[in-house]
Amino acid sequence: MKDFHFYAPTEVVFGATAEEQTGKLVKKHGGNKVLVHYGGKSAERSGLLDKICKQLDSEGIGYIKLGGVVPNPRLSLVHTGISLCRQKGIDFILAVGGGSVIDSAKAIAYGIPYDGEVWNFYTGEAEPQSCLPVGVVLTIPAAGSEMSHSSVITNEDGDIKIGYSNNLSRPKFAVMNPERTYTLPAYQTACGAVDIMMHTMERYFSHEDDMTLTDAMAESLLRTVKDSIFEVLVNPEDYRHRAQIMWAGSLAHNDLTGCGTVGDFATHELEHELSAMFDVAHGAGLAALWCSWARYVYRENISRFVRFAVNVMGVTNDFTHPGHTALAGIEAVENFYRAIGMPTGIGQLIGRKVTDEEIGEMARKCSHDSNRTVGNLKKLTREDMIAVYKLANG
Ligand code: NZQ
Ligand code: ZN
(Lines give C-alpha, C1' and ligand atoms only; values in the text may rest on other atoms or scores of the structure.)
(Ligands and ions follow the chains in the order given, each with its own letter.)
Protein backbone atom coordinates (compact mmCIF):
# COMPACT_ATOMS: atom_id res chain seq x y z
CA MET A 1 0.00 0.00 0.00
CA LYS A 2 1.45 3.37 -1.03
CA ASP A 3 1.69 6.23 1.49
CA PHE A 4 -1.17 8.66 1.06
CA HIS A 5 -2.69 11.92 2.25
CA PHE A 6 -6.47 11.86 2.57
CA TYR A 7 -8.16 15.26 2.86
CA ALA A 8 -11.95 15.49 2.72
CA PRO A 9 -12.97 18.71 4.52
CA THR A 10 -16.44 19.07 2.96
CA GLU A 11 -19.35 19.03 5.42
CA VAL A 12 -22.01 16.72 3.98
CA VAL A 13 -25.70 17.09 4.79
CA PHE A 14 -27.57 14.20 3.21
CA GLY A 15 -31.27 13.32 3.12
CA ALA A 16 -34.75 14.21 2.02
CA THR A 17 -34.80 17.48 3.97
CA ALA A 18 -31.14 18.33 3.51
CA GLU A 19 -31.60 21.44 1.39
CA GLU A 20 -33.61 23.13 4.14
CA GLN A 21 -30.32 23.69 5.93
CA THR A 22 -28.63 25.54 3.08
CA GLY A 23 -29.14 29.07 4.46
CA LYS A 24 -27.73 28.11 7.85
CA LEU A 25 -24.77 26.37 6.23
CA VAL A 26 -23.92 29.43 4.13
CA LYS A 27 -23.99 31.54 7.28
CA LYS A 28 -21.91 29.04 9.24
CA HIS A 29 -19.26 29.05 6.52
CA GLY A 30 -19.00 32.82 6.43
CA GLY A 31 -21.22 33.84 3.52
CA ASN A 32 -22.64 37.39 3.80
CA LYS A 33 -23.17 38.20 0.13
CA VAL A 34 -23.65 35.22 -2.10
CA LEU A 35 -23.53 34.41 -5.79
CA VAL A 36 -26.17 31.74 -6.46
CA HIS A 37 -24.80 29.98 -9.54
CA TYR A 38 -26.89 27.51 -11.56
CA GLY A 39 -27.35 25.93 -14.96
CA GLY A 40 -30.10 25.87 -17.56
CA LYS A 41 -33.63 25.35 -16.45
CA SER A 42 -33.80 22.30 -14.18
CA ALA A 43 -33.22 24.08 -10.85
CA GLU A 44 -35.73 26.80 -11.77
CA ARG A 45 -38.34 24.33 -13.03
CA SER A 46 -38.20 22.19 -9.91
CA GLY A 47 -38.62 25.18 -7.60
CA LEU A 48 -35.27 24.40 -5.94
CA LEU A 49 -33.78 27.77 -6.77
CA ASP A 50 -36.69 29.68 -5.20
CA LYS A 51 -36.51 27.50 -2.14
CA ILE A 52 -32.79 28.20 -1.69
CA CYS A 53 -33.23 31.95 -2.24
CA LYS A 54 -36.03 32.10 0.35
CA GLN A 55 -33.72 30.50 2.87
CA LEU A 56 -31.00 33.04 2.16
CA ASP A 57 -33.64 35.78 2.63
CA SER A 58 -34.75 34.36 5.94
CA GLU A 59 -31.15 34.17 7.18
CA GLY A 60 -30.68 37.82 6.15
CA ILE A 61 -28.01 36.89 3.59
CA GLY A 62 -27.81 39.05 0.47
CA TYR A 63 -27.42 37.35 -2.89
CA ILE A 64 -27.37 37.73 -6.65
CA LYS A 65 -28.10 35.02 -9.20
CA LEU A 66 -26.16 33.93 -12.26
CA GLY A 67 -27.54 31.04 -14.32
CA GLY A 68 -26.70 29.72 -17.76
CA VAL A 69 -23.95 27.22 -16.99
CA VAL A 70 -23.94 24.58 -19.73
CA PRO A 71 -22.56 21.03 -19.59
CA ASN A 72 -18.81 21.30 -20.30
CA PRO A 73 -18.88 24.74 -18.63
CA ARG A 74 -17.41 27.65 -20.53
CA LEU A 75 -14.66 30.08 -19.60
CA SER A 76 -16.66 33.07 -20.93
CA LEU A 77 -19.34 32.63 -18.24
CA VAL A 78 -16.59 32.29 -15.62
CA HIS A 79 -15.29 35.71 -16.73
CA THR A 80 -18.81 37.15 -16.51
CA GLY A 81 -19.19 35.70 -13.02
CA ILE A 82 -15.86 37.10 -11.82
CA SER A 83 -16.68 40.67 -12.95
CA LEU A 84 -20.19 40.51 -11.52
CA CYS A 85 -18.98 39.22 -8.15
CA ARG A 86 -16.30 41.90 -7.92
CA GLN A 87 -18.83 44.65 -8.70
CA LYS A 88 -21.26 43.36 -6.07
CA GLY A 89 -18.76 42.51 -3.34
CA ILE A 90 -19.59 38.80 -3.28
CA ASP A 91 -17.85 36.71 -0.59
CA PHE A 92 -19.36 33.23 -1.11
CA ILE A 93 -20.31 31.15 -4.18
CA LEU A 94 -23.27 28.78 -3.88
CA ALA A 95 -23.49 26.24 -6.71
CA VAL A 96 -26.96 24.78 -7.28
CA GLY A 97 -26.58 22.01 -9.84
CA GLY A 98 -24.16 19.33 -11.00
CA GLY A 99 -20.50 19.05 -11.92
CA SER A 100 -20.66 21.77 -14.56
CA VAL A 101 -22.18 24.34 -12.20
CA ILE A 102 -19.84 23.42 -9.36
CA ASP A 103 -16.77 23.59 -11.60
CA SER A 104 -17.82 26.97 -12.95
CA ALA A 105 -18.40 28.13 -9.34
CA LYS A 106 -14.89 26.97 -8.35
CA ALA A 107 -13.36 28.82 -11.31
CA ILE A 108 -15.19 32.02 -10.37
CA ALA A 109 -14.06 31.54 -6.77
CA TYR A 110 -10.42 31.27 -7.88
CA GLY A 111 -10.73 34.26 -10.18
CA ILE A 112 -12.26 36.87 -7.86
CA PRO A 113 -9.21 37.44 -5.63
CA TYR A 114 -6.73 37.07 -8.51
CA ASP A 115 -5.52 40.02 -10.58
CA GLY A 116 -4.50 37.98 -13.60
CA GLU A 117 -6.32 35.67 -16.03
CA VAL A 118 -8.01 32.75 -14.23
CA TRP A 119 -7.37 30.41 -17.19
CA ASN A 120 -3.66 30.57 -16.30
CA PHE A 121 -4.38 28.30 -13.33
CA TYR A 122 -5.79 25.69 -15.69
CA THR A 123 -2.85 25.86 -18.09
CA GLY A 124 -0.36 25.67 -15.24
CA GLU A 125 1.06 29.15 -15.86
CA ALA A 126 0.02 30.42 -12.41
CA GLU A 127 -0.85 29.02 -9.00
CA PRO A 128 -3.76 30.41 -6.94
CA GLN A 129 -2.97 31.71 -3.45
CA SER A 130 -6.61 31.89 -2.38
CA CYS A 131 -10.12 30.98 -3.42
CA LEU A 132 -13.50 32.21 -2.22
CA PRO A 133 -15.52 29.63 -0.26
CA VAL A 134 -17.85 27.46 -2.36
CA GLY A 135 -20.96 25.63 -1.13
CA VAL A 136 -22.99 23.10 -3.12
CA VAL A 137 -26.60 22.04 -3.46
CA LEU A 138 -26.19 18.93 -5.61
CA THR A 139 -28.82 17.98 -8.21
CA ILE A 140 -27.05 15.22 -10.15
CA PRO A 141 -24.74 12.52 -8.83
CA ALA A 142 -21.95 12.12 -11.38
CA ALA A 143 -18.83 14.29 -11.40
CA GLY A 144 -18.15 14.15 -7.66
CA SER A 145 -17.10 17.80 -7.76
CA GLU A 146 -19.08 18.42 -4.55
CA MET A 147 -16.19 16.87 -2.58
CA SER A 148 -13.35 16.91 -5.10
CA HIS A 149 -10.52 19.40 -5.51
CA SER A 150 -11.02 19.61 -9.29
CA SER A 151 -12.64 22.03 -11.66
CA VAL A 152 -12.90 21.27 -15.38
CA ILE A 153 -13.45 24.24 -17.70
CA THR A 154 -13.73 24.57 -21.47
CA ASN A 155 -12.08 27.54 -23.16
CA GLU A 156 -14.18 28.18 -26.28
CA ASP A 157 -11.15 29.77 -27.87
CA GLY A 158 -9.68 26.58 -29.35
CA ASP A 159 -12.16 24.17 -27.70
CA ILE A 160 -9.68 23.36 -24.95
CA LYS A 161 -11.05 21.51 -21.95
CA ILE A 162 -8.72 21.35 -18.95
CA GLY A 163 -9.09 20.21 -15.36
CA TYR A 164 -7.30 21.99 -12.54
CA SER A 165 -6.99 20.49 -9.05
CA ASN A 166 -6.21 22.31 -5.82
CA ASN A 167 -7.45 21.68 -2.28
CA LEU A 168 -8.29 25.39 -1.95
CA SER A 169 -11.43 24.79 -3.98
CA ARG A 170 -12.87 21.84 -2.07
CA PRO A 171 -16.43 22.86 -1.23
CA LYS A 172 -17.14 23.91 2.36
CA PHE A 173 -20.39 21.96 2.36
CA ALA A 174 -22.48 19.78 0.10
CA VAL A 175 -26.23 19.44 0.51
CA MET A 176 -27.56 16.25 -1.05
CA ASN A 177 -31.21 15.32 -1.33
CA PRO A 178 -31.71 12.18 -3.43
CA GLU A 179 -35.29 13.31 -4.22
CA ARG A 180 -33.82 16.18 -6.23
CA THR A 181 -32.45 13.62 -8.68
CA TYR A 182 -35.89 12.13 -9.53
CA THR A 183 -36.26 14.58 -12.44
CA LEU A 184 -33.05 13.50 -14.16
CA PRO A 185 -33.61 12.09 -17.65
CA ALA A 186 -32.64 8.41 -17.99
CA TYR A 187 -29.70 9.26 -20.25
CA GLN A 188 -28.27 11.74 -17.76
CA THR A 189 -28.80 9.27 -14.90
CA ALA A 190 -26.86 6.62 -16.82
CA CYS A 191 -24.09 9.08 -17.73
CA GLY A 192 -23.77 9.84 -14.02
CA ALA A 193 -23.50 6.16 -13.09
CA VAL A 194 -20.75 5.63 -15.67
CA ASP A 195 -18.80 8.64 -14.39
CA ILE A 196 -19.13 7.55 -10.75
CA MET A 197 -17.94 4.04 -11.56
CA MET A 198 -15.12 5.41 -13.69
CA HIS A 199 -13.81 7.59 -10.88
CA THR A 200 -13.32 4.45 -8.84
CA MET A 201 -12.10 2.34 -11.78
CA GLU A 202 -9.49 4.97 -12.67
CA ARG A 203 -8.04 4.46 -9.18
CA TYR A 204 -8.56 0.68 -9.12
CA PHE A 205 -6.60 -0.22 -12.24
CA SER A 206 -3.07 0.34 -11.07
CA HIS A 207 0.13 -1.59 -10.47
CA GLU A 208 -0.62 -1.75 -6.73
CA ASP A 209 -1.78 -5.17 -5.56
CA ASP A 210 -1.64 -4.58 -1.82
CA MET A 211 -4.69 -2.55 -0.82
CA THR A 212 -7.17 -5.00 0.65
CA LEU A 213 -9.43 -2.44 2.33
CA THR A 214 -9.34 0.11 -0.49
CA ASP A 215 -10.08 -2.62 -3.04
CA ALA A 216 -12.97 -3.95 -1.00
CA MET A 217 -14.50 -0.46 -0.72
CA ALA A 218 -13.97 0.16 -4.41
CA GLU A 219 -15.54 -3.14 -5.44
CA SER A 220 -18.51 -2.64 -3.14
CA LEU A 221 -19.08 0.87 -4.50
CA LEU A 222 -18.91 -0.41 -8.07
CA ARG A 223 -21.35 -3.26 -7.43
CA THR A 224 -23.73 -0.92 -5.62
CA VAL A 225 -23.91 1.57 -8.48
CA LYS A 226 -24.10 -1.21 -11.07
CA ASP A 227 -27.13 -2.69 -9.29
CA SER A 228 -28.85 0.56 -8.29
CA ILE A 229 -28.74 2.09 -11.75
CA PHE A 230 -31.16 -0.56 -13.10
CA GLU A 231 -33.56 0.11 -10.25
CA VAL A 232 -33.69 3.86 -10.85
CA LEU A 233 -33.99 3.49 -14.61
CA VAL A 234 -37.11 1.40 -14.01
CA ASN A 235 -38.40 3.60 -11.19
CA PRO A 236 -36.88 7.12 -11.22
CA GLU A 237 -38.47 7.87 -7.83
CA ASP A 238 -36.82 4.99 -6.01
CA TYR A 239 -35.38 6.91 -3.04
CA ARG A 240 -33.33 4.04 -1.70
CA HIS A 241 -31.38 3.46 -4.92
CA ARG A 242 -31.14 7.16 -5.83
CA ALA A 243 -29.58 7.63 -2.39
CA GLN A 244 -27.04 4.82 -2.92
CA ILE A 245 -25.94 6.35 -6.21
CA MET A 246 -25.76 9.86 -4.81
CA TRP A 247 -23.53 8.92 -1.89
CA ALA A 248 -21.40 6.69 -4.13
CA GLY A 249 -20.84 9.68 -6.42
CA SER A 250 -19.18 11.64 -3.64
CA LEU A 251 -17.13 8.74 -2.25
CA ALA A 252 -15.95 7.76 -5.72
CA HIS A 253 -14.20 11.07 -6.23
CA ASN A 254 -13.27 12.37 -2.78
CA ASP A 255 -10.27 10.02 -3.01
CA LEU A 256 -11.51 7.44 -0.50
CA THR A 257 -11.18 4.70 -3.11
CA GLY A 258 -7.75 6.00 -4.07
CA CYS A 259 -6.08 5.64 -0.67
CA GLY A 260 -2.88 3.66 -1.14
CA THR A 261 -2.96 3.50 -4.91
CA VAL A 262 -1.88 5.63 -7.86
CA GLY A 263 -4.68 6.78 -10.13
CA ASP A 264 -4.61 6.21 -13.88
CA PHE A 265 -7.14 8.68 -15.36
CA ALA A 266 -6.07 8.06 -18.97
CA THR A 267 -9.69 7.45 -20.02
CA HIS A 268 -10.65 10.78 -18.43
CA GLU A 269 -7.90 12.63 -20.28
CA LEU A 270 -8.88 11.02 -23.59
CA GLU A 271 -12.54 11.82 -22.92
CA HIS A 272 -11.90 15.47 -22.17
CA GLU A 273 -10.70 15.82 -25.79
CA LEU A 274 -13.87 14.12 -27.04
CA SER A 275 -16.18 16.40 -25.07
CA ALA A 276 -14.10 19.45 -26.01
CA MET A 277 -14.39 18.64 -29.72
CA PHE A 278 -17.95 17.27 -29.86
CA ASP A 279 -19.60 18.75 -26.73
CA VAL A 280 -20.87 15.34 -25.57
CA ALA A 281 -21.90 14.35 -22.04
CA HIS A 282 -18.78 13.38 -20.07
CA GLY A 283 -20.17 10.05 -18.77
CA ALA A 284 -21.24 8.92 -22.24
CA GLY A 285 -17.80 9.85 -23.58
CA LEU A 286 -16.16 7.70 -20.91
CA ALA A 287 -18.39 4.75 -21.79
CA ALA A 288 -17.46 5.13 -25.46
CA LEU A 289 -13.75 4.87 -24.64
CA TRP A 290 -13.22 2.69 -21.58
CA CYS A 291 -13.52 -0.80 -23.10
CA SER A 292 -11.05 0.12 -25.86
CA TRP A 293 -8.61 1.54 -23.33
CA ALA A 294 -9.01 -1.61 -21.21
CA ARG A 295 -8.36 -3.97 -24.12
CA TYR A 296 -5.30 -1.92 -25.03
CA VAL A 297 -3.73 -2.02 -21.55
CA TYR A 298 -5.05 -5.07 -19.64
CA ARG A 299 -1.84 -7.07 -20.10
CA GLU A 300 -0.02 -4.51 -17.92
CA ASN A 301 -1.67 -6.07 -14.84
CA ILE A 302 -3.88 -8.98 -15.82
CA SER A 303 -4.49 -10.03 -12.23
CA ARG A 304 -6.30 -6.77 -11.45
CA PHE A 305 -8.52 -7.14 -14.49
CA VAL A 306 -9.26 -10.72 -13.38
CA ARG A 307 -10.09 -9.52 -9.86
CA PHE A 308 -12.39 -6.84 -11.29
CA ALA A 309 -14.07 -9.33 -13.66
CA VAL A 310 -14.82 -11.75 -10.82
CA ASN A 311 -15.53 -9.42 -7.89
CA VAL A 312 -17.37 -6.64 -9.72
CA MET A 313 -18.78 -8.04 -12.96
CA GLY A 314 -19.58 -11.54 -11.63
CA VAL A 315 -17.53 -13.37 -14.27
CA THR A 316 -16.57 -16.99 -13.52
CA ASN A 317 -12.82 -17.26 -13.06
CA ASP A 318 -11.11 -19.34 -15.72
CA PHE A 319 -8.03 -20.08 -13.59
CA THR A 320 -6.12 -21.68 -16.43
CA HIS A 321 -6.54 -18.65 -18.73
CA PRO A 322 -6.39 -15.38 -16.76
CA GLY A 323 -6.43 -13.41 -20.01
CA HIS A 324 -9.79 -14.94 -20.93
CA THR A 325 -11.25 -13.94 -17.57
CA ALA A 326 -9.86 -10.41 -17.88
CA LEU A 327 -11.36 -10.00 -21.36
CA ALA A 328 -14.69 -11.48 -20.23
CA GLY A 329 -14.80 -8.78 -17.55
CA ILE A 330 -14.28 -6.05 -20.13
CA GLU A 331 -16.97 -7.57 -22.32
CA ALA A 332 -19.31 -7.64 -19.31
CA VAL A 333 -18.75 -3.89 -18.85
CA GLU A 334 -19.58 -3.38 -22.52
CA ASN A 335 -22.84 -5.32 -22.10
CA PHE A 336 -23.63 -3.34 -18.96
CA TYR A 337 -23.15 -0.03 -20.82
CA ARG A 338 -25.46 -1.24 -23.60
CA ALA A 339 -28.07 -2.31 -21.06
CA ILE A 340 -28.20 1.16 -19.50
CA GLY A 341 -28.31 2.95 -22.85
CA MET A 342 -24.70 4.08 -23.01
CA PRO A 343 -22.51 4.03 -26.13
CA THR A 344 -19.58 1.62 -26.38
CA GLY A 345 -17.85 3.42 -29.23
CA ILE A 346 -17.35 6.93 -30.56
CA GLY A 347 -19.55 6.28 -33.61
CA GLN A 348 -22.51 5.50 -31.35
CA LEU A 349 -21.70 8.56 -29.26
CA ILE A 350 -21.62 11.21 -31.99
CA GLY A 351 -23.59 9.51 -34.77
CA ARG A 352 -20.64 8.98 -37.10
CA LYS A 353 -17.08 7.75 -37.03
CA VAL A 354 -14.40 10.31 -36.32
CA THR A 355 -11.91 11.00 -39.10
CA ASP A 356 -8.21 10.27 -38.89
CA GLU A 357 -7.61 14.03 -38.82
CA GLU A 358 -9.94 14.43 -35.82
CA ILE A 359 -8.23 11.54 -34.03
CA GLY A 360 -4.84 13.09 -34.76
CA GLU A 361 -5.99 16.44 -33.39
CA MET A 362 -7.42 14.93 -30.19
CA ALA A 363 -4.18 13.00 -29.62
CA ARG A 364 -2.13 16.11 -30.34
CA LYS A 365 -4.06 18.11 -27.75
CA CYS A 366 -4.19 15.29 -25.21
CA SER A 367 -0.45 14.72 -25.44
CA HIS A 368 0.27 18.47 -25.33
CA ASP A 369 2.03 18.18 -28.71
CA SER A 370 3.84 15.01 -27.59
CA ASN A 371 5.11 16.69 -24.42
CA ARG A 372 3.29 14.44 -21.96
CA THR A 373 1.92 10.95 -21.51
CA VAL A 374 -1.37 10.16 -19.76
CA GLY A 375 -2.20 7.25 -17.46
CA ASN A 376 -0.13 5.18 -15.08
CA LEU A 377 -1.07 1.56 -15.57
CA LYS A 378 0.35 2.15 -19.02
CA LYS A 379 1.72 5.57 -19.82
CA LEU A 380 0.02 6.42 -23.09
CA THR A 381 2.09 8.29 -25.65
CA ARG A 382 0.56 10.26 -28.51
CA GLU A 383 0.78 7.11 -30.67
CA ASP A 384 -0.97 5.04 -27.98
CA MET A 385 -3.72 7.66 -27.77
CA ILE A 386 -4.28 7.42 -31.52
CA ALA A 387 -4.43 3.63 -31.20
CA VAL A 388 -7.05 3.78 -28.42
CA TYR A 389 -9.21 6.34 -30.28
CA LYS A 390 -9.03 4.11 -33.37
CA LEU A 391 -10.02 1.03 -31.37
CA ALA A 392 -12.97 2.99 -29.97
CA ASN A 393 -14.07 4.34 -33.34
CA GLY A 394 -17.08 2.06 -33.71
O1 NZQ B 1 -28.56 22.91 -16.88
P2 NZQ B 1 -29.71 22.18 -16.28
O3 NZQ B 1 -31.04 22.61 -16.79
O4 NZQ B 1 -29.63 22.15 -14.78
O5 NZQ B 1 -29.58 20.65 -16.80
C6 NZQ B 1 -28.53 19.80 -16.38
C7 NZQ B 1 -27.58 19.46 -17.52
O8 NZQ B 1 -28.20 19.57 -18.77
C9 NZQ B 1 -29.14 18.45 -16.05
N10 NZQ B 1 -29.57 18.32 -14.67
C11 NZQ B 1 -28.82 18.49 -13.55
N12 NZQ B 1 -29.55 18.21 -12.47
C13 NZQ B 1 -30.79 17.89 -12.90
C14 NZQ B 1 -30.80 17.96 -14.31
N15 NZQ B 1 -31.92 17.70 -15.05
C16 NZQ B 1 -33.03 17.35 -14.38
N17 NZQ B 1 -33.08 17.23 -13.03
C18 NZQ B 1 -31.98 17.47 -12.26
N19 NZQ B 1 -32.03 17.30 -10.93
O20 NZQ B 1 -28.09 17.51 -16.28
C21 NZQ B 1 -27.27 17.99 -17.33
C22 NZQ B 1 -25.83 17.69 -17.01
O23 NZQ B 1 -25.38 18.47 -15.91
P24 NZQ B 1 -23.82 18.56 -15.60
O25 NZQ B 1 -23.64 19.41 -14.43
O26 NZQ B 1 -23.10 18.91 -16.86
O27 NZQ B 1 -23.47 17.03 -15.27
P28 NZQ B 1 -22.27 16.39 -14.50
O29 NZQ B 1 -22.47 16.46 -13.04
O30 NZQ B 1 -22.08 15.08 -15.13
O31 NZQ B 1 -21.00 17.33 -14.82
C32 NZQ B 1 -20.23 17.15 -16.00
C33 NZQ B 1 -19.03 18.05 -15.97
O34 NZQ B 1 -18.18 17.74 -14.86
C35 NZQ B 1 -16.83 17.53 -15.31
C36 NZQ B 1 -17.06 16.95 -16.69
O37 NZQ B 1 -15.90 16.97 -17.49
C38 NZQ B 1 -18.17 17.85 -17.21
O39 NZQ B 1 -17.64 19.07 -17.67
N40 NZQ B 1 -16.10 16.72 -14.35
C41 NZQ B 1 -15.74 17.33 -13.21
C42 NZQ B 1 -15.02 16.67 -12.24
C43 NZQ B 1 -14.62 17.35 -10.99
N44 NZQ B 1 -14.80 18.66 -10.91
O45 NZQ B 1 -14.11 16.73 -10.04
C46 NZQ B 1 -14.58 15.28 -12.41
C47 NZQ B 1 -15.26 14.58 -13.52
O48 NZQ B 1 -14.44 13.52 -13.95
C49 NZQ B 1 -15.62 15.41 -14.68
O50 NZQ B 1 -14.54 15.56 -15.58
ZN1 ZN C 1 -15.42 11.94 -14.55
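This is a predicted model: local features need pLDDT of at least 70, side-chain atom pairs count only at pLDDT 80 or more; totals for chains, interfaces and linings use all residues.
View 1. Helix α16 spans residues 382–391, and its buried residues are Asp384, Met385, Val388 and Tyr389. Here buried means under 20% relative accessible area, exposed over 50%, and partly exposed in between, using a 1.4 Å probe and protein chains only. Helices (H or I, at least four residues) and strands (E, at least two) are DSSP runs numbered from the N terminus.

Residues are numbered from 1 along each chain as its sequence is written, chains are lettered from A and ligands numbered from 1 in the order in which they are written, and side-chain values use heavy atoms, leaving out hydrogens and water.

**View 2. Helix α7 against helix α10.** Helix α7 (residues 186–204) packs with α10 at an angle of about 135°, their axes 9 Å apart. Axes are lines fitted to C-alpha atoms, for helices over the stretch in contact, and angles run from 0 to 180 degrees between N-to-C directions. The two helices are therefore oblique to each other: angles under 35 degrees count as roughly parallel, over 145 as roughly antiparallel, 65 to 115 as roughly perpendicular and the rest as oblique. Asp195, Met198, His199 and Glu202 of α7 meet Ala266, Thr267 and His268 of α10.

**View 3. Helix α12 and Phe308.** In α12 (residues 302–311), the buried residues are Arg304, Phe305, Val306, Phe308 and Ala309. Their cover includes α7, α8 (212–234), α11 and α13 (322–339). Leaving aside residues up to four places away in sequence, Phe308 touches several residues, among them Tyr204, Phe205, Met313 and Val333.

**View 4. Met201 on helix α7.** Met201 lies in α7 and is buried, with a relative accessible area of 3%. Which residues does Met201 touch, not counting those up to four places away in sequence? They are Leu222, Trp290, Phe308 and Tyr337. The C-alpha atoms of Met201 and Gly258 are separated by 9.6 Å, although 57 residues apart along the chain.

Conventions
Contact means heavy atoms within 4.5 Å.
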